[in-house]
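Subject: Two-chain model for your review

Dear colleague,

I am passing on the structure we spoke about, and below it you will find my notes on what came out of the analysis. Please read them with the coordinates open beside you.

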Amino acid sequence: MNNMGVRRAMLARWFDAATRRTTTGLAERTSRRGFLGRLGGVLAGAGALPLLPVERAFGAEEADEAPLPQGDAPEVGGLTEFGDPQSCDYWRYCGLGGALCACCGGSESTCPPGAEPSPITWVGTCRNPVDDRQYLISYNDCCGKAVCPRCFCHRTEGAKPVYFPSKSNNVLWCFGVASHAYHCTVAAVIGEVTEEAEAGEADAAG
Amino acid sequence: MTEWPAPRPAYRRLGMLALLCGGLATVGAPRQAEDAAAARIDYLLHCSGCHRPDGAGAPPEVPSLLGPIGRIVATPEGRAYTARVPEVAQAPLGDDRLARLLNWVLWEFSADTLPAGFRPLDAREVGAARKDVLADPLRARAAIVGHYGELEHQPSPAPY
């Protein structure tokens, strides 16, 4: 019995010593803030991964195709604009129906990362109040992601959905893309309208 | 993009004719450039939404205007066809502007396949043709030019 009591006491002392060595060693080698910092990095990194601009809409078989052009046409590079591209009142949006890509991680003329611009669209005209000129606006939908719930606009200048179905701001223009899921709409300037073309439009409308 | 259609054979012949006519050359050239610029705006406004600004379209839904489409205008039926395609015939443009637009499309996108001695479409023939809108443009095109490679796609059995 006595022998057993000594052994038990030795085991308990060894266990106490081992526990103390481990915990003090851990406390000496590491810092609490360092651990929290690393944990935070891992959590934030995991959260950021799906936000990277990974092209999801294009399938592997289309990987060698040139990406669709985005943004305004080069010939209107010197355009002077005024206003808030995240507001429905912005001059370019005079015929836009849908969510503004400028509110959804893109801009007034480029899709957000991960959304694919539809090649098929409708084209209208809007007057730029800065230079009082009329510009051709291409309302491309950005597709392949769930609908963006911000900045929904409905302006109809130039849209004639009943008489000219191809000039409708209200249809889904996600044609010719891998996914028909609508995300948001851009308003790219693709040219300037001359006075003659404007007059013709007025004649045709009247 | 605004000069029309500088390096192309059909236009060179026209240019030679203009030069022969002396004074016409000085007046005619800027006018043609203006026409081309105006035709391009009409194209961007009324056609480029589907056929895209570079004419490449989005096959098979939207046929490309590049290349082989110039073969269509080799026959009288084909010339008329260009103005009978539904959205073309119904475009909110007068006959002269529609003719100018169609000629610009042919020269800009399909100069290499235009028939030798191609005579530009004029407002009168375009005006007459567009009165007879095609109910089935794909079938009509197949009857005129047959199949032309990867640009051709089969008429869909769907009711649209």
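Which residues touch the most other members of the largest nonpolar core? Before I answer, please keep in mind that this is a predicted model. The largest nonpolar core holds 66 residues, and those touching the most other members are C101(A), L136(A) and I137(A) from chain A together with L98(B), L101(B), L102(B) and V105(B) from chain B. The element that gives the most to this core is helix 6 of chain B, residues 95-110, which contributes nine residues. As general background, nonpolar side chains in soluble globular proteins tend to be buried together. Leaving aside residues up to four places away in sequence, V105(B) touches Y43(B) and L65(B).

The two chains

Chain A has three helices and eight strands, and along its sequence these follow the pattern α-α-β-β-β-β-β-β-β-β-α. Chain B, by contrast, has eight helices and zero strands, so that its elements, read from the N terminus on, run α-α-α-α-α-α-α-α. Of the 206 residues of chain A, 32% count as buried, and buried residues likewise make up 32% of the 160 residues in chain B. Among the contacts in chain A between residues at least 6 apart in sequence, 78% join residues at least 24 apart; in chain B, residues 24 or more positions apart account for 72% of the contacts with a separation of 6 or more.

Where the chains meet

On the interface, 17 residues of chain B are in contact with 18 residues of chain A. Helix 2 (23-46) and helix 3 (48-51) of chain B each supply at least two residues of the side of chain B that touches chain A, and the largest share of that side, five residues, comes from helix 2 of chain B. Sorted by class, the side of chain B that touches chain A has ten nonpolar, two polar and five charged residues.

Helix 2 of chain B is also where D35(B) is placed. Is D35(B) buried, exposed or partly exposed? D35(B) has 17 other C-beta atoms within 10 Å, and therefore counts as partly exposed. D35(B) and R100(B) are 65 residues apart in sequence, yet their C-alpha atoms are 7.5 Å apart in space.

Helix packing in chain B

Much of what I looked at in chain B concerns helix 4, residues 76-84, in which R79(B), A80(B), Y81(B), T82(B), A83(B) and R84(B) are buried. What do the buried residues of helix 4 of chain B pack against? They pack against helix 5 (86-89), helix 6, helix 7 and helix 8 of chain B.

The axes of helix 4 and helix 8 (residues 137-145) of chain B come within 10 Å and cross at roughly 155°, which means that helix 4 of chain B is roughly antiparallel to helix 8 of chain B. The crossing of these two helices is left-handed. Their contact is made by E77(B), G78(B) and Y81(B) of helix 4 and by A140(B), R141(B), I144(B) and V145(B) of helix 8, and by class it has four nonpolar, one polar and two charged residues.

Helix 4 of chain B packs against helix 7 (residues 123-130) of chain B at an angle of about 70°, with the axes 8 Å apart, and the two helices are therefore roughly perpendicular. Helix 4 of chain B passes helix 7 of chain B in a right-handed crossing. Here R79(B), A80(B), A83(B) and R84(B) in helix 4 meet E125(B), V126(B), A129(B) and R130(B) in helix 7, and the residues of this contact divide into four nonpolar, no polar and four charged.

Helix 7 of chain B also packs with helix 6 of chain B, at an angle of about 100° and with the axes 8 Å apart, so helix 6 and helix 7 of chain B are roughly perpendicular. In this contact D95(B), D96(B), L98(B), A99(B) and L102(B) of helix 6 meet A123(B), V126(B), G127(B) and R130(B) of helix 7, and the residues divide into five nonpolar, one polar and three charged.

With best wishes

Definitions and conventions:
Residues numbered from 1 in each chain as written. Chains lettered and ligands numbered in written order. Predicted model: local features only at pLDDT ≥ 70, side-chain atom pairs only at ≥ 80, totals over all residues. Core = buried A, V, L, I, M, F, W, Y, C linked by C-beta atoms within 7 Å. Buried ≥ 20, exposed ≤ 12 C-beta atoms within 10 Å, placed from the backbone. Helix = DSSP H or I, 4+ residues; strand = E, 2+ residues; numbered from the N terminus. Contact = placed C-beta atoms within 7 Å. Axes fitted to C-alpha atoms, helices over the stretch in contact; angles between N-to-C directions. Parallel < 35°, antiparallel > 145°, perpendicular 65-115°, else oblique. Left-handed = near helix turned anticlockwise from the far one by under 90°. Nonpolar A, V, L, I, M, F, W, Y, C, P; charged D, E, K, R; others polar.
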